[in-house]
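Here are my notes for a first look at this model. Have it open beside you and go through the points in order.

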Amino acid sequence: MEEILKQFPHLTDNQIEQFQKLESLYQDWNAKINVISRKDIDELYTKHVLHSLGIAKVMSFQPKAKVLDVGTGGGFPGIPLAILFPETNFFLIDIIAKKIKVVQAVAESLELKNVRAEQLRAENVKEEFDFIVSRAVTNMPDFYSWVRNKIRKEQKHELKNGILYLKGGDLTEELIDFPKATLYNLSDFFEDEFFETKKVVHLPLKFKP
């Protein structure tokens, strides 16, 4: 939590309270439904919350922007981003019903009015978004095939509309067919050794009518 306050010093009292509540909420839910690995729950703020907020070091979402979080699991990166950007609309999806149940309960407990969550496959989403975020749910070629037709035409951000993907390790081979992808090293922003190999990948996608 200290690192979040250090990295994002302009949080409101309400946002600070929401971030603080995450620990007890996820511990309670994890006791009922294993949404976060047992070894990671003690490092929730580093490995899940701060990792999710790595996207915010690359992109500041505008009010009324629409963001789709694919394979959100227990709500990452969508829930922390929704706290940080309360005027941006987030749609969190996952194919596992019990995980979506947790996301809905956490969003309700935090009174996040800008979050929707649904059990849904990415391929079946019928809306268009400014950005599609995710945290290493699959390789980029497969992910691209799921979401490439879900991008809004209107541009309102510094980065072009498209994918913002949290990934780790050497991505050279995985991104060989995506020359327009840009990699941002999270170790440039966060000191913890957990972030040494972690990256945000921005892949601009063209609107396809």
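1. First, the terms for pockets. On a 1 Å grid over the protein atoms alone, a pocket is an open set of points where a 1.4 Å probe fits, with protein on both sides within 12 Å along at least five of seven lines. Lining residues have an atom within 4 Å of a point. Points are joined across faces, edges and corners, and the volume is the space filled by probe spheres set on them.

2. The model is predicted, so to speak with care: local features need pLDDT of at least 70, side-chain atom pairs count only at pLDDT 80 or more, and totals for chains, interfaces and linings use all residues. Residues are numbered from 1 along each chain as its sequence is written, and side-chain values use heavy atoms, with hydrogens and water left out.

3. Now the largest pocket, with a volume of about 420 Å³. Its lining has 23 residues, and Gly71, Thr72, Gly73, Asp94 and Val137 lie nearest the centre. The classes used here are nonpolar (Ala, Val, Leu, Ile, Met, Phe, Trp, Tyr, Cys and Pro), charged (Asp, Glu, Lys and Arg) and polar (the others, Gly among them). The lining of the largest pocket splits into 11 nonpolar, six polar and six charged residues.

4. What about the inside? A nonpolar core is a set of buried Ala, Val, Leu, Ile, Met, Phe, Trp, Tyr and Cys residues joined through side-chain atoms within 4.5 Å. Buried means under 20% relative accessible area, exposed over 50%, and partly exposed in between (1.4 Å probe, protein chains only). The largest such core has 52 residues, with Leu22, Tyr26, Phe61, Ile79 and Leu164 making the most contacts inside it. Several elements give two or more residues to this core, including helix H2 (13–32), helix H4 (44–58), helix H6 (97–109) and strand S5 (162–168). Helices (H or I, at least four residues) and strands (E, at least two) are DSSP runs, numbered from the N terminus. Which element gives the most to this core? H4 does, with eight residues.

5. Contact means heavy atoms within 4.5 Å. Not counting residues up to four places away in sequence, Leu164 touches Ile55, Val58, Met59, Phe61, Phe131, Ile132, Val133, Ser134, Leu159, Val200, Val201 and His202. There is also a second, separate core of 22 residues, which includes Val125, Tyr165, Phe178 and Leu203.

6. Phe178 sits in the loop between S5 and strand S6 (182–185). Phe178 counts as buried, at 11% relative accessibility. Setting aside residues up to four places away in sequence, Phe178 touches Met140, Pro141, Tyr144 and Leu203. From Phe178 to Pro204 is 26 residues in sequence, yet 9.6 Å in space, C-alpha to C-alpha.

7. Helix H7 (residues 140–147) has Met140, Phe143 and Val147 as its buried residues. Seen down the axis of H7, these fall within an arc of 60 degrees (the arc of the directions from the helix axis to the C-beta atoms), so they line one face of the helix. They pack against strand S1 (66–70), S4, S5 and strand S7 (198–204).

8. His51 belongs to helix H4. Is His51 buried or exposed? It is buried, with a relative accessible area of 5%. Leaving aside neighbours within four places in sequence, His51 is in contact with Thr46, Arg135, Leu166, Leu186, Phe194, Phe195 and Lys198.

9. Lastly, some backbone details to check. The peptide bond from Phe76 to Pro77 is cis, with omega near 10 degrees, and Pro77 lies in the loop between S1 and H5. Lys64, in the loop between H4 and S1, has a positive phi near 70 degrees and is exposed at 64% relative accessibility. Glu111, in the loop between H6 and S3, has a positive phi near 55 degrees and is exposed, with a relative accessible area of 59%.
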